[in-house]
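Biologist: Could you walk me through this model? I'd like to know how you decide what to call things.

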Amino acid sequence: MKKYVLKRVLISAVTVLVILLVLFLMLELMPGSPFNDEKLTEAQKIVINAKYGLDKPILVRFGNYIASMLSGDFGVSYTISKNTPITTLLESRLPISLRLGGQAILIGTLIGLILGIVAALKHNTIYDTITTVISVIGVSLPSYVFAMALIYFLGFQWKWFPLLYQMKSPVFSSIMPTISLCMFTIATVARFTRTEMLEVLGSDYMLLAESKGINSFHLIFRHALRNALIPIITVLAPLVVGLMTGSLVIEKLFSIPGIGSLLVSAIQSNDYNVVVALSFIYSVMYIGIMLVVDILYGVIDPRIRLAKGDEHE
Amino acid sequence: MKRTRQLASLFLAIVMLLSLTACGGTAAPGATASSESAASESASASASTEATEAAKADGPVLNVHFDVEVASMDPQIATDGTSFEVIAAVTEGLYSIDAAGASIPAMAESVVKSADGMSYTFTLRDAKWSDGTAVTANDFVFAWRRLVDPAVASEYAFIAEIAGLKNAVAVSKGEMKTDQLGVSATDDKTLVVTLDTPVPFFDSLMAFPSFLPVNEAFFTAAGDKFGTSPETVLSNGPFMLTAYEPAATTITLAKSPTYWDAAKVSLGGLQYQVIKDSQQTMLSYQNGDLDLAALSGEQVEQFQADPEFRNIMAGYLWYISPNQKVKGLENVNLRKALALSYDKSAIAKNILKDGSIVADFAVPTLLATGPDGKDYRETTGKYLSTDKTKALEYWKAAQTELGVAELKYTMIVEDTESAINVAQFIQAEVQATLPGVILEIQTMPKKNRVERMQAGEFELCLTRWGPDYADPMTYLDMWITGSPNNYGFWSNAEYDAIIADAKKGKLALDLAARWEALKKAETIVMDEAVILPVYQKGDAVMIKTGVEGVEFHSVGINRIFKNATKAK
């Protein structure tokens, strides 16, 4: 098991380095510098590039870049918030995005699980159909379309919720964005849970357990759900990433001061440092989640460990 | 028993997974991060509640929409209209701008100008910063030296050169020390400014945010944090910051009790809300969350019948720049043929629909007021108005002179929706009006378009220019020989002479004669079709009934709220 974990961690570390390299190369390939306003004089461009170290040779800049990125120093913003260290921008924004994402994944998974279990148990009934309809809508409708519908009806027409995120009431005003974000999670988790549960419920060992007279609660939660959950944990990782990309649009729509809206602004205003820093953070999050899932998978499913030929613990 | 333990560990694993995903799996301990965020949220929440409460006691709060965040609260670093607006709401310079766009004394109580227009001695009024210290002449000296200091590397250092400040160019290049800049404080109340050349629009430039004062002691104490929070921004203007953080989506300002002219400020404060989605903006406006909101182009049709709808003239002039180093485009008849061949009023009325107007000129309307007290455009003519019959005549003449029957050009255009729509319409019009002319369109991000223009690698380019100061020179200066913004490489000795004379020669002191000379310069530019004007940009806004006195400007500070009122 230790060997397995170590290998996973190493792979993740190498991936992070490759991402750093790719980000740097992309930055180099982008046209011009952040300072090419047509009103800047040539002399002033030289002064500004010197100030931000953009005049140094590429290898020196690459060295500085790797060193500072790994130490968590992402440099300063060029255009969105001039001369502000990006870490300062992240301090207040990252927690908001993480909270929103956390809310969405928690609620989404919970509702998805319930819907999936109900649908599987009440197979081919109206409950099953309702779950399927919700799943299809949730998977096919982009989150921003759903968000706009929520804004229009719940926010504008019926005035149940504020239209925009408010710092004064961070929980209440995040209800609509959370619902919009977790629709896809609900749909995916419900779909997977239903399929997996149906498969497990129809298996021989369930028949055996049932014939041994185990009561239905234990049957479902101990025997069926546990086995059905294993594949669901793997889809949770891509779901979390889906939430991150979804949050770009949702944060912009609800004016949420998170990192998603920051990335959108940074891309629009060519704020290279911010784009690179946020891409890096998103990548590290993704790799981190994948790593955790890989390790958990090993913990939960003994077959994985056995397949890797590791010694038994 | 064993099964229970396994089940328990499974659930534990799921909970861990969920909590880890909630924290994003970053190295930062989740608990600390969220408690910090809760603390900062409650802090800012309480700050804004305080602001609202303070404002309620003092007057109504105006809710204003921004479509982009404030980039900087540092007057010498900021370069965009959004930042300028908030900075100018909390800071006042030597002059401010009145509703009509004229400069009125603000921090300056009186001024003595030398006969040669090269030196100004300002006496400052008794005014206080929001921390109670007096506004002194050194606050201006400190700020202006920062503006040109190569260590600060302000993108707006060029404006010091436009203001004619002595040694501004040499200082910003690092060839001279900042204390050699033509500004000094003889005592706390006396500011002496020396110029390289007389600048007729010097007063109005002094209201421009780059020239706003900064208190040196406060700036030094704030250090790197200067301008990043209400605690690190000092105010000597009508309002003061009560809630702000870098790239904030909400900003609140409250009426400043220490402002010298506080009696005239009727608003209790301003609440800015950044909303980037245009539909969400209008829902918020209709919901009553906003008093003032900007409309996007496609929303104009929907709202223009509304009594709260208003058109505001913006300073941007959109035009086509022909590169005269490209074969054929050096021919004036061809340039004129192109300029007259497309229906400008259709572009303004049918394509843009946002209050933009036809541009038959090189200097926009409502930009500058002359010595006669009239807008520049009121006393000038129209040039290059659409005339398809004449366009065809010019094209025939060009065909003979150039000895060609067909010509093909590529026009580069930035990839915004409105620019592409306008370009495609022009393409269709030109090709229909001038048989034998083929126009192709190449779209690219604005950055690339600017780079291509700067490198001279283009044939035709649909471009725009925004004014930096309220004088026709902000446009006319572009087309002198050797100007870095003279993208078309046009050169005319007579024109160069007029501009040089208006900038540094005898005309610089004879304002009436200078004004006439500038008109003549514009006529030359238009007669030679150096640029092919298309339209002057208009903005559409919604203002709630009961809100009065918001002053809109096309140069420098776009919106001024000092005299704004809001009915209960």
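Predicted model: local features only at pLDDT ≥ 70, side-chain atom pairs only at ≥ 80, totals over all residues.

Biologist: What makes Trp144(B) stand out in the largest nonpolar core?

Modeller: That core has 148 residues, and Trp144(B), Leu165(B) and Trp479(B) touch the most other members. Helix α4 of chain B, residues 137-148, gives the core its largest share, 8 residues. There's also a second, separate core of 98 residues, with Val264(A) among its members.

Biologist: How do you know that helix α10 of chain A is mostly covered?

Modeller: Count the buried ones: 8 of its 10 residues. They are Ile259(A), Gly260(A), Ser261(A), Leu262(A), Leu263(A), Val264(A), Ser265(A) and Ala266(A). Their cover includes α4, α9 and α11 of chain A. Just after α10(A), Asn270(A) has a positive phi of about 55°.

Biologist: Why is Ile126(A) called exposed?

Modeller: Exposed means over 50% relative accessible area. Ile126(A) has 56%, so Ile126(A) counts as exposed.

Biologist: Which residues form the nonpolar patch on the surface?

Modeller: Ile126(A), from helix α5 of chain A, is one of them, along with Leu106(A), Ile107(A), Leu110(A), Ile111(A), Ile114(A), Val118(A), Tyr127(A) and Ile130(A). Together they have about 810 Å² of accessible area. α4(A) gives the patch its largest share, 6 residues.

Notes. Residues numbered from 1 in each chain as written. Chains lettered and ligands numbered in written order. Heavy atoms only, no water. Core = buried A, V, L, I, M, F, W, Y, C linked by side-chain atoms within 4.5 Å. Buried < 20%, exposed > 50% of the residue type's maximum accessible area, 1.4 Å probe, protein only. Helix = DSSP H or I, 4+ residues; strand = E, 2+ residues; numbered from the N terminus. Contact = heavy atoms within 4.5 Å. Patch = residues over 30% accessible without salt bridge, like charges linked within 9 Å, V, L, I, M, F, W, Y side chains within 5 Å. Areas by Shrake-Rupley, 256 points an atom, 1.4 Å probe, with all protein chains shown as cover. Salt bridge = Lys/Arg side-chain N within 4 Å of Asp/Glu carboxyl O.
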